[in-house]
Each structure stands twice: as structure tokens, then as C-alpha cells.
Amino acid sequence: MLTKKPWRLGTRAKLLMRGLRYSCILPYASIDGWLTVDEAITLFELAKGLTEPEPHAVEIGSWQGKSTVCIAQGLRHKLGAQLTCIDPFDASGDHESKDMYDGRASDLNGPLRRAFEENLKAAEVRDLVDVRVGFSHDHVAEVNESIDLLFLDGDHSYEAIRRDFEDWSPKIRHGGYLAMHDVVHPVHEGPRRVVEELIKNDPQWLEQRYVDSMFVARKARS
Ligand SMILES: C[S@@+](CC[C@H](N)C(=O)[O-])C[C@H]1O[C@@H](n2cnc3c(N)ncnc32)[C@H](O)[C@@H]1O
């Protein structure tokens with residue numbers, strides 16, 4: 001006798017469905033920047049997984065919006081969600097990055113800020129983003145709400161990333177997340193030293209892991 005098998009998704013369909021989950025961050029692929037696919041997916045998933053009401057993410061170092069789009073798409077559909085982006089949009093940065101930033105900025109048909117705005121509009125996330133033009137340390141005092149997800153990707157020199165970590169990580173709420181880019185990097189030493197010296201052995205930073213060059217940790221609940 002022929003028994004009817006229960007209907008199940010096959011492996012191929014499951015894989016395709018997995019891919020579809022990330023279709024909303026596809027615009028990220030057309031934006032200039034340095035984020036790998038797995039880093040992009042991780043930022044998206046971290047933002048999407050936030051369960052606090054009115055979640056607040058902060059990104060330091062936005063460039064043309066590659067990581068911005070991933071975080072903002074993760075926040076999409078969450079009531080009152082907001083992503084605060086801080087960047088001078090003048091291609092300034094650490095000694096190792098400056099020439100590259102200048103070169104890439106001069107390839108644009110206009111200012112960086114305009115490219116950032118256009119990329120956010122094309123990805124349909126502009127409404128979720130609050131832009132603060134300037135250096136991270138100039139804006140730290142005015143951001144008073146607690147942070148659910150902090151992404152550090154601005155100045156990669158040791159002094160600057162240490163200052164960013166010390167200024168901004170106390171604002172992460174208990175149970176919130178820190179992501180730091182370029183921690184595993186052949187040139188930039190700053191982010192790696194900050195992780196090794198200030199985070200790695202601190203029991204308040206849980207669930208420490210690496211995704212390509214990016215470091216992720218969760219602040220303990222209390
Ligand atoms: C590596 S890029 C950011 C890349 C971006 N997150 C992406 O996914 O494409 C670093 C950016 O941070 C900016 N920046 C440099 N120093 C900064 C600071 N102190 N505060 C905020 N942004 C800074 C740079 O001008 C540049 O736009």
C-alpha cells in the first residue's frame with residue numbers, strides 16, 4: 001500500500017529559503033566598503049535578534065553605508081527602532097587608511113555624504129537612520145539612550161579605538177552587543193589590542209567570537 005509521506009522542505013529548498021532571509025541586505029553588495037558576506041549577515045542577525053522595545057543601534061564609521069544597510073535592515077519592522085550613524089564623511093581616518101579613503105572618495109562623483117545618503121535611500125532604510133556628522137568623541141555626550149548594538153568601525157589607531165571603546169561601551173545595556181571590525185587584520189593593530197587588553201579577560205563580556213575580521217561579544221545581563 002502506498003503511504004503518503006508528510007510534506008517536507010528538501011535540502012535545496014531549505015538552502016534557498018536561507019538565502020531569501022538575506023535578500024533584504026542585497027543592496028549592501030553594491031556599496032563600496034570592506035564588509036565580508038559573513039560579517040554583513042552577522043550584523044543583520046545581531047540587529048534582527050534584538051528583543052528590547054525600541055531598540056537602538058549605534059555605528060561609528062559609516063563610510064558609504066555598507067554596514068549601515070545591514071544593521072538597519074535587521075532593525076526593520078521593530079517598533080521605534082533607530083540606528084545612529086556617526087562619521088565625519090570627509091575621508092579622515094587613521095594613518096594606515098587615509099590614502100585608501102582619499103583614493104576611493106576621489107573616485108566618487110560627489111561628496112561622501114551624498115553617496116551615503118543615496119545608498120541608504122536605494123536600500124530603503126533612510127527612515128531608520130539618524131546621521132551625526134563628525135567624530136565619535138564629539139557626539140558621545142549627546143547620545144544618552146542606552147545602546148542595544150554598538151558597531152565600532154571608525155578610526156582604527158590604538159588610541160582612537162580605545163577611546164571609542166571606553167567612551168561608548170558603558171552605554172551598551174546589559175545583555176546588549178558589541179561588534180568591532182578589523183580586529184583580525186594584517187595592518188591595523190588597534191582593535192586587536194583593545195580586545196586583548198580590555199575585553200578578552202573581562203567577565204562582563206560574554207559569548208566572545210570572531211566572524212572573519214570582526215569581533216562580537218555580549219555584555220553580561222548584570
Ligand atoms: C572603515 S570605514 C567604515 C566602513 C563602513 N563601516 C562599511 O561597512 O563600509 C571608517 C569610516 O570611519 C570614519 N572615521 C574615522 N575616524 C572616525 C571617528 N573618530 N569617528 C567616526 N568616524 C570616523 C572614516 O572617515 C570612514 O568613513
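How many helices and strands are there in the chain? I looked this up and found eight helices and seven strands. I took helices (H or I, at least four residues) and strands (E, at least two) as DSSP runs, numbered from the N terminus.

**Entry: ground rules.** I am working on a predicted model, in which local features need pLDDT of at least 70, side-chain atom pairs count only at pLDDT 80 or more, and totals for chains, interfaces and linings use all residues. I number residues from 1 along each chain as its sequence is written.

**Entry: the whole chain.** The C-alpha atoms fill a box of roughly 75 × 45 × 35 Å along the principal axes.

I then looked up burial. A residue is buried if 20 or more other C-beta atoms lie within 10 Å of its own, exposed if 12 or fewer, and partly exposed in between, with C-beta atoms placed from the backbone. Of the 222 residues, 40% count as buried.

For contacts, I needed two residues with C-beta atoms, placed from the backbone, within 7 Å. Among contacts with a separation of 6 or more, 76% come from residues 24 or more positions apart.

**Entry: α2 and α3.** Helix α2 (residues 37–48) packs against helix α3 (residues 66–75) at about 30°, and their axes are 7 Å apart. The two are therefore roughly parallel to each other. Angles under 35 degrees count as roughly parallel, over 145 as roughly antiparallel, 65 to 115 as roughly perpendicular and the rest as oblique.

α2 passes α3 in a right-handed crossing. A crossing is right-handed if the near helix is turned clockwise from the far one by less than a right angle, and left-handed if anticlockwise. On the α2 side I noted A40, L43, F44, E45, L46, A47 and K48, which meet S67, C70, I71, Q73, G74 and L75 in α3. This contact divides into eight nonpolar, three polar and two charged residues. Ala, Val, Leu, Ile, Met, Phe, Trp, Tyr, Cys and Pro count as nonpolar, Asp, Glu, Lys and Arg as charged, and the others, Gly among them, as polar.

**Entry: α7 and α8.** Helix α7 (residues 158–168) and helix α8 (residues 190–199) pack at about 50°, with axes 8 Å apart. That makes α7 oblique to α8. The crossing is right-handed. I found Y158, A160, I161, R162 and F165 of α7 in contact with G190, P191, R193, V194 and L198 of α8. By class, I noted seven nonpolar, one polar and two charged residues.

**Entry: positive phi.** I checked H77, whose phi is near 75°, a positive value in a residue other than glycine. H77 lies in the loop between α3 and β2 (82–87). H77 is exposed, with 8 other C-beta atoms within 10 Å. E207 is not a glycine either, and has a positive phi of about 50°. E207 is in strand β6 (residues 205–211). E207 counts as exposed, with 10 C-beta neighbours inside 10 Å.

**Entry: R218.** R218 lies in strand β7 (residues 214–219). R218 is partly exposed, with 18 other C-beta atoms within 10 Å. Not counting residues up to four places away in sequence, R218 touches G175, Y177, L206 and E207.

Note on methods: Axes are lines fitted to C-alpha atoms, for helices over the stretch in contact, and angles run from 0 to 180 degrees between N-to-C directions.
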